[in-house]
Amino acid sequence: MRHRFALGALIVGVPLALALLGPLFAGDPGPRAPSFTLGGGHWLGTDFVGRDVWWQVLLGGRSVVLIALAATVLAYLVALPVGLAGALTHRTWLEELLMRPLDVLLAVPSLLMILLVASVFTPGAVGLALLVALVNIPDAARIVHAAAAEAASRPAVEALRMQGETWWRTAVGYVGRSVARTLAADAGVRLTGVLYLVATAAFLGVGVEPDAADWAVMVDRNRTGLFVQPWAVVVPALLIVALTMGGNLLVDAVLEKRKRT
Amino acid sequence: MNDVPMNDAPVNDAPVNDPRFPGLRRRGFLAVAGGAAGLGALALTGCAGSSTAGTSGKADGKPKRGGRLRAAFAGGGASETLDPHLSNLFADVARAKALFDKLADYGPDLSAQPRLASKWEPNAGLDRWKVTLREATFHNGKPVTAQDVLYSYRRITDPKKAYRAKASLEPIDLRASRAVDQRTVEFVLKRPTAEFPNLLAAFGAYIVPEGAQDFDEKPVGSGPFRFVSFAPGKSAVCKRNEDYWDGAPYLDELEFVVANEESARINALLGGQVEYAHELNPTTARAHEDQGQVQIVRLRNSAMQSFAMKTDRKPFDDKRVREAFFLIADRKELVDGALSGAGEIGNDLFGKGYEYYADSLPQREQDIDRAKALLKQAGAADLKVTLDTSPVAAGFTEAAAIFRDQAAKAGVTVRIKTGSKDSYWKDILDSGTLCSYRSGAMPIEAHISQRLLTGSTTNATKWQHKDFDDLYQQAQSTKDKQQRAAVYERMQRRLYAEGGFLVWGFADWILATARNVRGVEAKAPANSLDWARFDKVWLA
Amino acid sequence: MSGLRSWVARRLLFGVVQTVAVVLLVFALTEALPGDAAVALAGDQPDPERIAAIREAMELDRPAHERLADWAAGLPHGDFGTSLASGRPVSTYITDGFGPTLLLAALTVALLVPVGVGLGVLAARHEGKLVDRLVSSVTLGVYAVPEFAFGVLLITVFALRLGWLPPTAVGYGTDLLAHPAALVLPVLVLLSRPVCSLARLVRAGMIDALASPYAAQARRYGVPGARVRYGHALPNAIAPAAQQLARTIDWLLCGVIVVEALYVIPGLGTVLMNAVAERDVPVVQGLAVVFGVTTVVLNLGADLVARRFAPRAEVAA
Amino acid sequence: MNAVAEIKDLRVEAGGRLIVDGVNLRVLPGRITALVGASGSGKTTTGLALLGEYPAGARVTGDVRVPDGLVGYVPQHPGAVLNPARRIGALLRDIARTQVRRLPRGERRAAARQRILHALSLAQLPDAEAMLRRYPHQLSGGQQQRVVLAQALLLGARVVVADEPTTGQDALTKRRIVDQLAAVARQGIAVVLLSHDLDVVRALADEVLVMRDGRVVESGRAERLWLAPRHPWTAELLAAESTTGPVEPTGEGSVVLETLPLTARHGRTTVLRAPGLTLRAGGCLAVVGRSGSGKTTLARCLAGLHRDHDGEILLDGAPLPRSLRERTRRQLAAVQYVFQDARAAFDEHRPVLHQVARTAVRLRSVPEADALTEALATVTGLGLTEELVRRRPAQLSGGELQRAALARVLLARPRVLICDEITSGLDTVTRRGILDTLAGLLRDRHDLSLVLITHDLDTAALATRIAVLDAGDLVEEGPARQILTAPQHPFTVSLMETTARLTARNRTLT
C-alpha cells in the first residue's frame with residue numbers, strides 16, 4: 001500500500017509540476033516554422049500552426065489543472081452549504097426546496113448541457129470552470145446531504161442543542177467535521193471526473209481559444225498531423241492521462257490509509 | 001427588393017464555406033483529422049508502403065466498365081433531401097450531379113461550358129438569349145423539352161420557397177421567356193447581361209421533368225445515373241443510365257455514404273470500406289501522400305482565404321491603412337502555417353486562375369517599413385484592432401493567430417475575438433472592422449456582383465462606390481469578350497490598390513481515392529463541372 | 001407490497017417533473033443560441049431577404065413561448081412536431097436514430113454487467129494479491145482515458161494496423177446488424193469507462209460483504225465458499241453499485257455522442273449534434289424528451305434493483 | 001457423561017495484551033454453563049474459541065476439542081448475522097442443503113424443507129410458512145434471535161454459544177429468552193451462556209464460571225456459588241445485584257413540571273396518549289414500560305426534542321415552547337436530558353472536559369476559565385479523574401462517559417433532569433454505580449427533580465412515584481411503594497410477577 005501512495009504521487013507529480021512550474025521556464029515563443037515539422041531545433045517538433053511543441057507543453061498544463069481545480073472547488077463551495085443546510089434544517093419544505101431541484105438537474109446529460117451552454121456564449125477559461133462546476137453541483141450536493149443527514153441524526157447534535165450551542169458550531173463544528181472525511185473521498189474522485197470533463201470540453205473546442213496553449217486543445221488540434229509528427233498529440237495526451245490516473249491512485253491510497261487507522 | 005439594377009450574375013457561392021457544411025462547421029467538434037490519430041500510430045509512420053505510379057486522374061490504361069464505387073461525403077444528417085433545387089451541401093451537389101443535369105456548368109477556369117444546352121446566342125442588346133437544347137432524355141424515356149426547362153426555372157424562382165438558385169436567376173423575366181419550339185427556349189432578361197451563360201451554370205439550377213414535386217421517393221432526372229435507393233443522412237445508391245447523352249458511365253453502381261468526421265472518411269478509405277473520400281485536411285494529405293495506400297488528389301485554387309476590412313468605418317476608411325495591412329501580411333507564412341502548405345499565395349484579388357483574372361498585376365510582398373510609414377502618415381501609428389474569427393472554416397483561427405504576430409512587427413496590436421460557429425457569417429456581415437473571410441470557387445463576375453456592388457446582398461467589406469457599379473454595368477453590356485476583359489482588368493486594378501479584401505491565399509481542395517480508381521479529374525476546383533463527377537470514373 | 005407501488009408511483013411522477021424540466025431547460029438554451037434555424041440554413045449567404053423568407057417559411061417569427069406551447073400541445077398524442085430544416089416529422093428523426101443508439105446501448109449494458117461484476121468479484125476474492133492489484137490499476141488507468149483518445153487508439157491498432165476490424169461503420173448506417181464486426185470497436189469504447197467504475201464499486205462492496213458477520217456465520221455453518229460469495233456477499237455488493245451506475249447513465253448518453261461521431265453510426269447522438277448545429281429546435285426538444293425519459297426510466301430500474309437487493313436501505317428519491 | 005466440548009489451559013494473547021490466561025472448560029450435553037464477568041473479562045473470546053475463531057493476529061496456546069465439530073452461535077445483536085438482502089427461507093435453505101447432501105437428489109428438496117420447518121417449530125416461531133418469505137429487517141428483535149437459534153438447530157449443533165442474549169431487554173422479553181434457552185437445553189444440546197446479567201444466569205445456569213481479567217476466579221455448581229461465594233469479586237458481583245430500597249421522599253416540594261393531556265405522533269401514527277402528569281421538586285418519577293411503549297417519546301416531548309405533539313408543558317406554571325429551538329436559555333437550563341447512548345452523545349473530536357464546560361458557558365454565560373474549573377469539580381464529584389476527562393471520548397468506557405454526561409447537564413443547574421434508560425447496556429457493577437450517583441443527587445440537591453425512563457424495575461425502585469406505560473397509554477401511576485407492592489392494572493401485575501419469578505430459583509421448578 002505504501003508503494004501505491006508513492007506511485008500515485010510520482011505519476012501525478014510530473015504533470016502537476018509541468019503544469020504549475022512550466023510557464024516560468026517557457027520563455028518567449030521561437031520563430032514560427034511550417035506546421036508539423038520534426039527536428040530543426042524543436043525538441044518535440046512544431047504543432048499545427050508551426051509553434052514549438054515543447055514550448056506549448058510547458059504553457060499548456062496550467063489552464064487544464066487550474067480550471068479543473070477551480071471547477072471542483074466551486075462545485076463544493078455551492079454544494080457544501082446547500083447540502084448542510086438541507087440536512088440540518090428541521091423544516092422539511094426547506095429541505096425539499098433545496099434538494100429536489102438539484103435532483104432534477106441530475107437528469108440532464110452533462111455533455112449536452114456543456115455544448116448548449118458553451119455555444120450560447122463562448123466562455124473563456126473562467127466560463128468553462130463555471131460550467132463544469134455547474135454540472136457537478138447536483139451530484140456533490142446529494143453526497144454532502146446524505147453524509148450530513150446521517151451525522152445530524154446522531155444524539156450528539158441534540159446534546160449540543162440542549163447546551164444551547166450556536167447554529168454555527170453545531171452545523172460547521174460538529175456536522176461539518178464529520179462530513180469532511182466522506183467529502184475527501186468524493187473530492188478525489190470528483191477531481192478526476194472534472195479533469196475528464198474539462199479535457200473533453202476543450203477537445204470539443206468549447207471554452208478555450210481554438211489555438212490556446214492547452215493540453216486538451218493540443219490533442220485535438222494536432223491530431224491532423226499524427227502520422228507526420230506524433231509528439232504534438234502523444235505528449236499532451238500522456239500528461240492528461242497521467243494527471244487523472246495519478247490523482248486516482250493517490251486518492252485510493254489516502255482512502256485506504258484513512259480506513260485502516 | 002432594392003431597385004438598383006442588380007445585374008446579378010449567378011449567385012453561386014461554393015457550399016465549401018457554407019457553415020452548415022457539417023464537416024467544416026463542426027471544425028471544433030471532433031474534427032478528427034489526419035487519419036487515424038492515436039498512440040499506436042508511431043509504428044505506422046515507420047512503414048513505407050510501396051508507392052504506386054503517379055497521382056490518380058491520369059486515365060492510364062483503357063477504361064474498364066463495371067464495378068461499384070462508394071464515395072464518402074460529409075452530409076446534412078437526417079434532414080437531407082434529393083430535391084436538386086434544395087441542394088446546399090457538397091453531398092447534395094454530388095448526388096444532384098449524378099441524377100440531374102444543368103443547362104451549363106463551370107469549366108476548370110470557371111467559364112460556362114455547354115451541357116444540356118448545346119448552344120446559346122444573345123441578341124444585339126444582350127437582353128434576349130436563344131438557347132438550343134441537346135437531344136437528351138429523362139430516365140423515364142421522356143425527352144428533355146423547353147417546357148421542362150421553363151418549369152424548372154419557374155419552380156426555382158417561386159417567391160414562397162427559398163430555393164438556392166433563386167437569387168442567381170433573378171435577372172431572367174420568366175413570364176416573358178417562352179419556348180420557341182420543342183428544343184429551343186428564348187430567355188427575356190430584365191437588363192443586358194453579357195455573362196448570361198453563368199446564370200445557366202448557377203449552383204442548384206438543375207433541370208427536372210415538368211410537374212415533378214417529390215424527389216425523395218423516385219426522383220427522375222436526365223443525369224448519368226438512375227435512382228435506386230435513398231436513406232437520408234446514411235446512404236444514396238444509383239446505377240448506370242445506359243442512354244446518357246454524354247456517354248454511359250463506366251461504373252455499374254455508385255453509392256454516396258455519409259461520414260461527417262474527416263477521420264472517419266480517411267479511415268474508411270484506408271480500411272477499404274469506400275473508394276473515394278471527399279474533403280480531407282491538408283495534413284492528412286501530407287501524411288498519406290507517399291504511403292502508397294491511397295491516392296491524394298489536390299484540386300488547386302478551390303477556395304479564397306482572406307481578411308475582410310470594413311472600408312466604411314475607422315480605421316479602414318483610410319485607404320493608406322488598408323494598403324499598410326496589405327503590406328503587413330507575409331502570405332507564404334500564412335499559407336504554410338494555416339493551410340499547412342496546401343495552397344498558393346494570393347495577391348489581394350479574388351479568382352486566381354479563373355477567367356478574366358488580372359494576373360498582370362505584380363505579386364505583393366511583405367514590406368513592414370513601408371507599412372509603418374503609411375500608418376504614421378494616416379495618423380494610426382500604434383493602432384489597436386479587433387480581428388473577428390471562428391472555427392467555422394478550416395484555417396481561420398490558425399491564420400488569425402499568425403497574422404496577429406505579423407501585425408505586431410508593424411506596431412499594430414491585433415486582439416482576436418472567436419465568434420460562434422453557427423452565426424458567424426451573419427455576425428461579420430455588418431459588425432466589426434476586420435474579420436476572417438473565405439469564399440468558394442465562382443466566376444469573378446459573380447464575386448463582384450455579390451459582394452462589391454452598392455446593392456450586393458453580402459457586401460462584407462462595405463465597398464459601395466457609384467463609379468465601380470457603373471464599370472460593372474458597362475462590362476455587362478459589352479458584347480465583345482476582349483473589351484469586357486479590359487473593363488474587368490480596370491475594376492481589379494482598383495480593388496488591388498484600395499480594396500477591402502486582403503486575399504492572402506488560395507487553398508487546395510483535397511480528396512483521396514483508392515489505388516484502383518481512375519478518371520478522377522485533378523484540374524477541377526471544388527464546385528466546377530469535373531469536381532465530384534463520377535460518370536468518367538472507372539475501376540482498374 | 002403496496003409500499004413498492006406507491007414508491008414507484010412517486011418516482012414516476014418525479015420522473016415526469018424531471019423530464020419536463022429537462023425539456024424546458026433545453027428549449028431555453030437552444031432558443032438562446034446565437035442565430036436561429038434560418039441563419040444556420042442561410043449559411044455564408046446571409047443576405048437579409050433570404051433569411052427573412054426562410055424564417056417566415058419556418059414560422060420562426062412567432063414568439064418562443066407560443067412555439068413551445070404548440071409543440072408541447074402536440075406531445076401528449078405523440079406528435080413531436082416537425083423539423084425546421086426539412087419539414088419532416090421529428091418522430092422520423094427519432095425512430096431513424098433510435099435503432100443504432102438502442103443497439104449500441106443495449107450491447108453495452110448487456111456486456112457491462114457480467115464483465116463489470118465479474119471483474120469486481122474476481123478482484124475481491126483475491127484481495128491484495130496480484131490479480132486484485134492488476135484489476136485495480138488497469139481499471140484505474142482505463143477510467144482516466146477520455147473516450148475520444150481511447151476510440152482513436154483502437155481504430156489505429158485494430159482497424160488499420162492489424163486490419164482485424166472495420167475502422168468505421170460507414171455505409172452500414174441502414175442495417176448495422178448485418179455488419180456485427182463494425183460494432184465491436186464502438187461497444188468496446190462505450191464499455192471502457194463504466195466497466196471500470198462498476199468493477200471498482202463491486203470490488204469494494206464485495207470486500208465489505210465478505211468481511212461481514214453474516215458471511216462469517218454462513219462460513220461457520222459449513223456453507224461452501226462459492227455459495228457464500230455469490231449467494232450471500234454479491235447481493236449486498238450489487239445494491240450500491242446498481243444505484244451509482246444509474247447515476248452514470250447520463251455519462252453513457254455522452255459517450256454515445258462521441259462514439260457515434262468517431263465510428264459514423266447515425267444514432268441519436270449524431271441527430272442531436274446536427275440538430276443543435278442547424279438550430280432545429282423541435283428536433284432538439286424531441287431528443288431532450290427521449291434523453292430525459294430514458295434517464296428517468298434507467299434510474300428507476302437501477303433503484304428498483306438496488307431496492308430489491310438492499311430492501312432496508314432508504315432509497316433516495 | 002462425556003463432554004460435548006472441552007477447552008484445556010487456553011491462553012490467548014493479542015496486541016500485546018493477555019486476553020485469556022489459562023481457562024479450562026468442560027461443556028456437558030443438556031447442561032447450561034454460564035461464563036459471568038464484566039465486559040473485557042475475556043468471556044467472549046473464550047466462547048468464540050469453541051467456534052475455533054480468535055481475534056485477528058492473536059497468539060493462541062492450549063487446545064479446544066469439539067468432538068463432532070458443530071457449534072451454534074447466537075450473537076448479542078442477532079440481526080447482524082442475518083443477511084439483509086436475502087429472505088429467511090433462502091438463509092435456512094443454504095444450511096439445510098449441507099445437511100441433506102447425502103440423500104438421493106429427488107428427495108433432497110422435500111427433506112430440506114421438512115427439516116427447516118422442524119427447526120423453526122423447535123425455535124418456537126409460529127406460522128413458519130409466512131416467516132420464510134420475509135426479510136430480516138421485517139422481523140422484531142425477538143424473532144430475529146429465534147431465527148438464528150433455528151439456524152443452529154437446523155445445523156444439528158450439539159453446542160450453542162449464546163453471547164449476551166438478554167442485555168438491554170425488558171423483563172418480559174428476558175423471560176421469553178430464558179424459557180427459550182431452557183427448551184434448547186432440554187433437547188440435550190449444551191448451552192454456553194456468556195452474560196453479565198445475573199438474573200438470567202441465576203435463572204438458567206447449572207455450572208457457573210466467574211471470570212475477571214482473562215482468568216477464571218471461581219467456578220462450580222450454580223447453587224453452591226449463589227449461597228457461598230468464595231472469591232471476593234464474586235461476592236461483590238452478587239452484592240451489586242441487590243436492590244436498594246426506594247429513597248424516602250424528603251417532603252414533596254411544589255409542582256415543578258406539569259403536563260396537560262398530550263398525544264404525540266411519529267409521521268402519521270400516534271405513539272403516545274398521555275393524560276396530565278405532575279412532577280414535584282425533589283421528587284423522582286420513574287416511567288416504566290416495554291420498548292416501544294412510548295416512554296422515550298414522552299421524555300423527548302418534555303425535553304423539547306420532539307415537536308410533533310399537541311399537549312402543553314408548564315414549568316412552574318408557565319408554558320414551555322414545544323421545541324427547544326424556541327426556548328430561552330433559562331428554560332433550556334431548567335429542563336435537561338441525558339441520552340441512552342452516552343458515546344453517541346459526545347463529539348468524538350473534542351476532549352470531554354471542554355464539552356462538559358460548554359454548558360456553563362452557554363446556559364449560564366460563565367466565563368470559559370471558571371466554567372472549566374466548575375466542570376472539573378463536578379466531574380471529580382461524580383468519581384472521574386482529571387487525567388481521564390482531559391482525553392477524547394474514545395478513550396473512556398461507557399460508564400465513565402455516562403457520568404461525564406451527567407456532569408454536563410448538572411453544570412446547567414437544571415430544575416428537571418430527564419434520564420432516558422441511561423443504565424441499560426451497562427454491566428451490573430457500573431449500573432449500580434450510576435444508580436447510587438443518582439440517589440446521591442436526589443439527596444443533596446433539594447430543588448432537583450428526576451424523570452427516569454427505564455424498562456427494568458431495579459432502576460425504577462429508586463423513584464418516589466412510578467408511571468407505567470403500555471403501547472402508548474398510561475395504564476397506572478402512583479407512589480413507588482404502592483405500584484411495586486400492590487399493582488392494580490393487569491399489565492403492571494404481569495410485569496411485577498415476571499421480574500419476581502426471574503429472580504426466584506432456577507428453571508427446574510417451572
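This is a predicted model: local features need pLDDT of at least 70, side-chain atom pairs count only at pLDDT 80 or more; totals for chains, interfaces and linings use all residues.
Me: Which pair of chains shares the most contacts?
Reply: Chains B and C, out of five pairs of chains in contact. Chains B and D have no contact between them. Their closest C-alpha atoms lie 45 Å apart.

Me: What scores does the model get?
Reply: ipTM is 0.74 and pTM is 0.77.

Me: What about pLDDT in chain C?
Reply: The mean is 81. In chain C, 94% of residues reach 70 or more. Residues 313-317 of chain C fall below 50. Beyond near neighbours in sequence, that stretch has seven contacts in the model.

Me: Staying in chain C, how many residues of α12 (268-277) are buried?
Reply: 10 of its 10 residues, and the helix is mostly covered. Among them are C:Leu268, C:Met273, C:Asn274 and C:Ala277.

Me: What follows α12(C)?
Reply: C:Arg279 follows α12(C), and the phi of C:Arg279 is positive, near 50°.

Me: Now C:Leu185. Buried or exposed?
Reply: C:Leu185 counts as buried because it has 25 C-beta neighbours inside 10 Å. The cut-off for buried is 20 or more. C:Leu185 sits in α8 (181-210) of chain C.

Me: What is C:Leu185 in contact with, leaving aside neighbours within four places in sequence?
Reply: C:Leu154, C:Ile155, C:Phe158, C:Ala159, C:Leu165 and C:Tyr263.

Me: Where is C:Arg10 relative to C:Leu185?
Reply: Their C-alpha atoms are separated by 40 Å, and the two residues are 175 apart along the chain.

Me: Switching to chain B. How many helices and strands?
Reply: Chain B has 15 helices and 21 strands. Of its 540 residues, 61% are buried. Take contacts in chain B between residues at least 6 apart in sequence: 75% of them join residues at least 24 apart.

Me: Why is α13 (444-451) of chain B largely enclosed?
Reply: Eight of its eight residues are buried, so the rest of the structure largely encloses α13(B). Those buried residues include B:Glu445, B:His447 and B:Arg451.

Me: What do the buried residues of α13(B) pack against?
Reply: α5 (196-200), β18 (434-439), α14 (466-476) and α15 (481-498) of chain B.

Me: Last one, chain D. What is the strand order in the open sheet?
Reply: The order is β2-β1-β4, three strands with antiparallel pairing. The edge strands are β2 (17-27) and β4 (59-65) of chain D. Neighbouring strands are turned by 5° on average, direction ignored.

Me: How many bridges between β1 (5-14) and β2 of chain D?
Reply: Eight, in the antiparallel sense. D:Arg11 has D:Asp21 in β2(D) as its bridge partner.

Me: And which strands does α1 (43-50) of chain D lie across?
Reply: α1(D) lies across β1, β2 and β4 of chain D, at about 125° to β1(D).

Methods
Residues are numbered from 1 along each chain as its sequence is written. Chains are lettered from A and ligands numbered from 1 in the order in which they are written. A residue is buried if 20 or more other C-beta atoms lie within 10 Å of its own, exposed if 12 or fewer, and partly exposed in between; C-beta atoms are placed from the backbone. Helices (H or I, at least four residues) and strands (E, at least two) are DSSP runs, numbered from the N terminus. Two residues are in contact if their C-beta atoms, placed from the backbone, lie within 7 Å. pLDDT is the predictor's confidence in each residue, from 0 to 100. Two strands pair if DSSP finds at least two bridges between them. Axes are lines fitted to C-alpha atoms, for helices over the stretch in contact, and angles run from 0 to 180 degrees between N-to-C directions.
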